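We'll go stop by stop, picking residues and helices along the way.

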Amino acid sequence: MKAKIQAMSMEAKASAMIIGCLPPGVMFLVYVTNPQYIELLGTQSLGRMMLAASATWMFMGVMVMRKMINFDF
């Protein structure tokens, strides 16, 4: 039973890692393909505010996923 719980926990950790890395990865790919599109986020005040808000929400989401996945058995 312990091995089954560990396997399910590792599956959830892998899913959380993929979900956490996906937005920065997509942003990087968009920057590589069309830099002018992403540069607006760094040059405009509204873009910087949007980046800060999205980083805050991503951090909170990662912390929630971490709390859900890390459990003692």
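Does Asn70 count as buried, partly exposed or exposed? Select Asn70 in this predicted model and you'll find it in the segment after H3. With a relative accessibility of 43%, Asn70 counts as partly exposed; the cut-offs here are under 20% for buried and over 50% for exposed.

**Stop one: helix H1**

Next, select residues 2-33, which make up helix H1.

Which residues of H1 are buried? Highlight Ser9, Ala16 and Gly20. These buried residues pack against H3, so that helix is where we go next, with a general idea to carry along. Two packed helices are described by the angle between their axes and the distance between the axes.

**Stop two: H1 against H3**

Select residues 45-69 to bring up helix H3. H1 and H3 pack at an angle of about 175°, and their axes are 10 Å apart. H1 is therefore roughly antiparallel to H3, since an angle over 145 degrees counts that way. To see the contact, show Ser9, Ala12, Lys13, Ala16, Ile19, Gly20, Pro23 and Met27 on the H1 side, and Leu51, Met58, Met65 and Ile69 on the H3 side. By class, the residues of this contact are nine nonpolar, two polar and one charged.

Stay for a moment on Ile19, in helix H1. Leaving aside its neighbours within four places in sequence, which residues is Ile19 in contact with? They are Met58 and Met65. Then pick Ser9 as well: Ile19 and Ser9 are ten residues apart in sequence and 15 Å apart in space, C-alpha to C-alpha.

**Stop three: H1 against H2**

Now select residues 35-43, helix H2. The axes of H1 and H2 come within 6 Å and cross at roughly 120°, so the two helices are oblique to each other. On H1, the contact uses Met27, Val30, Tyr31, Val32 and Thr33; on H2, it uses Pro35, Tyr37, Ile38, Glu39 and Leu41. Colour this contact of H1 with H2 by class and you get eight nonpolar, one polar and one charged residues.

**Stop four: H2 against H3**

Keep H2 on screen and bring H3 back. Their axes come within 5 Å and cross at roughly 90°, which makes H2 roughly perpendicular to H3. The contact is formed by Leu40, Leu41, Gly42 and Thr43 of H2 with Ser45, Gly47, Arg48 and Leu51 of H3. In the contact of H2 with H3, three residues are nonpolar, four polar and one charged.

**Last stop: Leu51**

Finish by selecting Leu51, in helix H3. Leu51 has 28% relative accessibility, so it counts as partly exposed. Setting aside neighbours within four places in sequence, Leu51 is in contact with Met27 and Leu41. Draw a C-alpha to C-alpha line from Leu51 to Leu41: these two are ten residues apart in sequence and 6.9 Å apart in space.

Terms used: Residues numbered from 1 in each chain as written. Predicted model: local features only at pLDDT ≥ 70, side-chain atom pairs only at ≥ 80, totals over all residues. Heavy atoms only, no water. Axes fitted to C-alpha atoms, helices over the stretch in contact; angles between N-to-C directions. Helix = DSSP H or I, 4+ residues; strand = E, 2+ residues; numbered from the N terminus. Parallel < 35°, antiparallel > 145°, perpendicular 65-115°, else oblique. Contact = heavy atoms within 4.5 Å. Nonpolar A, V, L, I, M, F, W, Y, C, P; charged D, E, K, R; others polar. Buried < 20%, exposed > 50% of the residue type's maximum accessible area, 1.4 Å probe, protein only.
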